[in-house]
Amino acid sequence: MTRADAPGPTAPAGPVEEIADAYLRITAGDAGLALKCAITDALADLLEAERRTRQRSRLISKGYVRGARPPED
């Protein structure tokens with residue numbers, strides 16, 4: 001084994017690697033399916049976050065209107 005063939009230090013596994021490994025385990029190593037599952041989950045999370053943001057915005061608008069002072073004559 002030459003110096004070029006020697007394995008280098010490996011970077012510690014971070015959250016991205018852990019998530020990728022989890023999807024690969026779930027899909028029995030099928031990288032294409034793992035990617036599709038990850039994208040599907042990410043889009044579902046994004047849609048849920050957007051739904052919550054819209055809901056929160058409606059609550060804030062209603063609270064603002066309820067707290068508004070009546071116009072003065």
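Predicted model: local features only at pLDDT ≥ 70, side-chain atom pairs only at ≥ 80, totals over all residues.

Modeller: Residues are numbered from 1 along each chain as its sequence is written, and side-chain values use heavy atoms, with hydrogens and water left out. The protein has two helices and zero strands; helices are DSSP runs of H or I with at least four residues, strands are runs of E with at least two, and both are numbered from the N terminus. Of its 73 residues, 5% are buried, where buried means under 20% relative accessible area, exposed over 50%, and partly exposed in between, with a 1.4 Å probe and protein chains only.

Helix α1 covers residues 15–26 and spans 16 Å from first C-alpha to last, close to the 16 Å expected (1.5 Å times one less than its number of residues). Thr 27 lies in the loop between α1 and α2, the latter being 31–67. Thr 27 is buried, at a relative accessible area of 9%. Leaving aside residues up to four places away in sequence, Thr 27 touches Leu 33, Ala 34 and Cys 37, contact being heavy atoms within 4.5 Å. Also just after α1, Ala 28 has a positive phi of about 55°.

Further along, Leu 43 is in helix α2. In contrast to Thr 27, which is buried, Leu 43 is partly exposed, with a relative accessible area of 48%.
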